[in-house]
Every structure is written in structure tokens, then in C-alpha cells.
Amino acid sequence: MDIDVLGPLDVRENGVSVTPTAPKPRQVLALLASHADRVVPVASLVEELWCDRPPRSARTTLQTYVLHLRELIDAAPARGTARDAGTEPGRRTAKDVLLTLPGGYLLSSGDGRSDVREFERLAGLGYRAMDAGDLAGASRTLAAALDLWSGPAFADVQTGARLSMEARRLEESRLCALEQRIEADLRLGRHREVLAELTVLVSRHRTHENLHAQFMTALYRSGRRGEALDAYRRLCTTLGHELGLEPSPRLRRLQHSILTAAPETRSGAQTAARAAQTSYAHPLAPTS
């Protein structure tokens with residue numbers, strides 16, 4: 001079974017989609033898929049579907065949804081072009097794929113592909129490459145991890161409390177990987193290449209200090225010192241108005257370094273950028 005949740009939901013058995021179109025069964029499959037090969041308690045599924053107001057028939061209705069999913073799984077091989085359900089030896093039945101276990105249900109991937117598992121594997125490799133100083137490898141591997149995303153997690157699924165929480169967890173993981181990939185690119189001197197991307201990111205994440213620090217650094221190294229200082233002032237205003245906070249000491253040090261650096265000429269920016277790259281203690285230098 002192949003499972004994709006980093007974007008629209010797509011679950012395939014033997015290469016054939018078993019993703020229902022009806023919202024509630026789709027929601028059940030999404031929660032089971034996000035915890036593939038682990039038991040999902042009935043209580044969690046009920047909470048996901050009906051929050052804290054389940055109907056009296058909640059468990060019976062849930063069983064109906066599970067039955068519907070099993071019907072789709074049973075039909076999948078018969079609809080596949082590369083499988084013959086009547087002759088394939090050792091074929092998994094629907095009850096082998098979607099198991100009823102004490103206290104809940106388990107969706108068995110059968111060693112199939114999961115985009116979440118692949119993302120987490122690649123992101124882990126990327127972080128280790130960063131720690132080892134392999135910046136090019138880190139950038140490449142983290143970019144491959146991020147390429148697995150085709151939209152917000154569970155993009156086309158009606159989400160309750162459980163799926164919303166999982167979507168937030170996955171989005172935070174994505175943002176961490178994205179920050180580290182940009183950091184690797186900045187350390188490699190690719191400040192101009194990441195400017196457009198950072199412009200969009202800081203507009204979406206208006207109080208995210210790390211992204212703003214990267215944006216300011218990329219602007220400064222591109223010879224746009226005034227714009228880097230403008231970005232700092234906008235962040236100060238947003239933090240104060242929305243959160244009642246001041247920028248962190250690290251960001252204030254970065255702003256001070258930009259203020260006291262050479263004028264924004266091509267040669268001055270390049271000289272300062274080279275100096276920053278030689279000292280990790282400098283606020284304009286790449287940081288982990």
C-alpha cells in the first residue's frame with residue numbers, strides 16, 4: 001500500500017486508489033493512513049469524526065465507514081491493470097489491510113511507500129549532513145524531502161481535532177526542513193537564489209524571527225542593506241502590535257551588524273559577505 005498525505009490524500013493498494021470520495025470515510029482513512037501500521041483507537045476515530053458530540057450510533061456508523069473502506073480495498077486489485085485478483089497467489093484481503101484489533105483499527109501498509117516516512121527519512125539525512133558540514137549534500141537532500149509536498153497535509157480532507165493536530169505537526173516539520181535548506185543555501189553563497197522564496201515566506205510567517213533573519217541576511221549580501229533594515233523595522237512593528245514582544249538578542253545583533261557595515265555597494269557587500277562567511281561568531285555569518 002502506498003500512502004500520500006503531504007497534499008491531497010491518496011492511498012493506493014496494488015497501485016489502485018482506495019481513497020473514498022465521501023467526506024467521513026475519507027476522514028477515517030486519512031487518520032488511519034497518518035498512523036499506518038499502528039493501532040488507532042476507536043475513541044480517537046470517534047473524536048476525529050464528531051469531536052466531543054458523538055451521536056449514540058457513533059460506533060455503529062464508524063463500523064459502516066470501515067466496511068466501506070474494505071469494499072474499496074477488496075475491489076482495488078480487480079480494477080488494477082497489472083494485477084489479477086483471481087489468480088494472484090498470496091493476495092491480501094481487505095481484512096489483512098484494514099485490521100480490527102482490540103480497541104481500534106490498524107491500516108497495514110505491507111511495506112509500501114509512505115510520503116511522510118520518506119520525508120522524515122530524507123529530512124533526517126539532511127540534518128545530519130548539516131551537522132557534518134556537508135552543505136551541498138544537506139541542501140540537495142532537504143530539497144528532495146520538501147519536493148514530496150504537493151500542498152498542505154490532508155489538503156482535500158475535512159479535518160477534525162486529531163487530523164488538525166497532525167497537520168500542524170507535519171507543517172512544523174516541513175518549516176524546519178525548509179529553514180535548514182535555506183540556511184545551507186545561504187552558507188553556500190546562494191543568497192540571491194533564495195531571495196524570492198524568502199520574500200514569500202516572511203509575508204506568510206510575519207512573526208517568524210529565523211526566516212526574517214535569513215531574509216535580512218540575503219538582502220544584505222545582495223547589496224540591499226536599506227531593504228534589510230526595512231525588513232527588521234517591519235518585524236519589530238509586527239512583533240510589538242501582535243505579540244507585545246521585542247526582537248530577540250540575535251536579531252538585534254544582526255540589525256546592528258547591518259547598520260555598522262559598509263555602504264551597500266557591490267564591492268562593499270561582497271567584502272562584508274566574505275568576511276561574514278569566515279567567522280561563525282559574526283551575526284551576519286551563517287548560523288545553524
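In the predicted model, 48% of the 288 residues of the protein chain count as buried. The chain has twelve helices and six strands. Among its contacts between residues at least 6 apart in sequence, 64% join residues at least 24 apart.

The packing of two helices was examined in detail. Two packed helices are described by the angle between their axes and the distance between the axes. For helix α1, which spans residues 23-34, and helix α2, which spans residues 42-50, the angle is about 135° and the axes lie 10 Å apart. Helix α1 is therefore oblique to α2, and the crossing of α1 past α2 is right-handed. On the α1 side, the contact is made by Lys24, Gln27, Val28 and Leu31, while α2 contributes Ser44, Leu45, Glu48, Leu49 and Trp50. By residue class, the contact of α1 with α2 comprises five nonpolar, two polar and two charged residues.

Cysteines were considered next. A disulfide is a covalent bond between the sulfur atoms of two cysteines. With a cut-off of 2.5 Å between the sulfur atoms, the count of disulfides comes to zero.

How values were computed
Residues are numbered from 1 along each chain as its sequence is written. This is a predicted model: local features need pLDDT of at least 70, side-chain atom pairs count only at pLDDT 80 or more; totals for chains, interfaces and linings use all residues. Side-chain values use heavy atoms; hydrogens and water are left out. Axes are lines fitted to C-alpha atoms, for helices over the stretch in contact, and angles run from 0 to 180 degrees between N-to-C directions. Helices (H or I, at least four residues) and strands (E, at least two) are DSSP runs, numbered from the N terminus. Angles under 35 degrees count as roughly parallel, over 145 as roughly antiparallel, 65 to 115 as roughly perpendicular and the rest as oblique. A crossing is left-handed if the near helix is turned anticlockwise from the far one by less than a right angle, and right-handed if clockwise. Contact means heavy atoms within 4.5 Å. Ala, Val, Leu, Ile, Met, Phe, Trp, Tyr, Cys and Pro count as nonpolar, Asp, Glu, Lys and Arg as charged, and the others, Gly among them, as polar. Buried means under 20% relative accessible area, exposed over 50%, partly exposed in between (1.4 Å probe, protein chains only).
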